[in-house]
Amino acid sequence: MPATTIGQSGLSFGLSAESGMLVQSFSETRNTEKTEVRNASGDVVGLALFNQTDTLSWSGAITGTYSTTAGAVLTTLANATSTGGKIVVDSVAFTRAPDAFVSVNVSATRYPSMS
């Protein structure tokens, strides 16, 4: 049964299932590189922002076969707020224990300028 939210409208609650897994956590960080130009006193007088990327990571319980491997290219993720570009999987780690479900931790980078 879905959660019932009360109070402020527009709040989001919970996660969406990703392909092959029930997501338990999802993180998305927006990044950019910068180069500064300084005057003779060392003060920043110019700035260039470039190479925007998004760092994505998620973990969850596997529901069947989870086929994503490091180096895989994804086009969408159900829980990502960013869209477009290419998502490249950086790492995949599986965890198994005698008293737990098999789980997977995935890290990826989204390159918004790639098509």
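Leu 49 is exposed, with a relative accessible area of 58% (buried means under 20%, exposed over 50% and partly exposed in between, using a 1.4 Å probe and protein chains only). This is a predicted model, in which local features need pLDDT of at least 70 and side-chain atom pairs pLDDT 80 or more, while totals for chains, interfaces and linings use all residues. Residues are numbered from 1 along each chain as its sequence is written, and side-chain values use heavy atoms, leaving out hydrogens and water.

Leu 49 belongs to strand S2, residues 44–62 (strands are DSSP runs of E, at least two residues, numbered from the N terminus). The open sheet has five strands in the order S1-S2-S5-S4-S3, with antiparallel pairing; strands pair if DSSP finds at least two bridges between them. At the edges are S1 (21–38) and S3 (73–74), each pairing on one side only. S1 and S2 are joined by 16 bridges, and Glu 36 stands opposite Leu 47 in S2.

Now for the charges. Glu 36 is partly exposed, at 33% relative accessible area, and forms a salt bridge with Arg 38, the closest N and O atoms being 2.6 Å apart (a side-chain nitrogen of Lys or Arg within 4 Å of a carboxyl oxygen of Asp or Glu). Glu 36 also meets Lys 34 in a salt bridge, at 3.8 Å from N to O.

Another salt bridge links Arg 110 and Asp 54, at 2.6 Å from N to O. Arg 110 lies in strand S5 (103–111) and Asp 54 in S2, so the pair ties together parts 56 residues apart in sequence. Arg 110 is buried, at 4% relative accessible area, and Asp 54 is buried, at 0%.

Note on methods. Helices (H or I, at least four residues) and strands (E, at least two) are DSSP runs, numbered from the N terminus.
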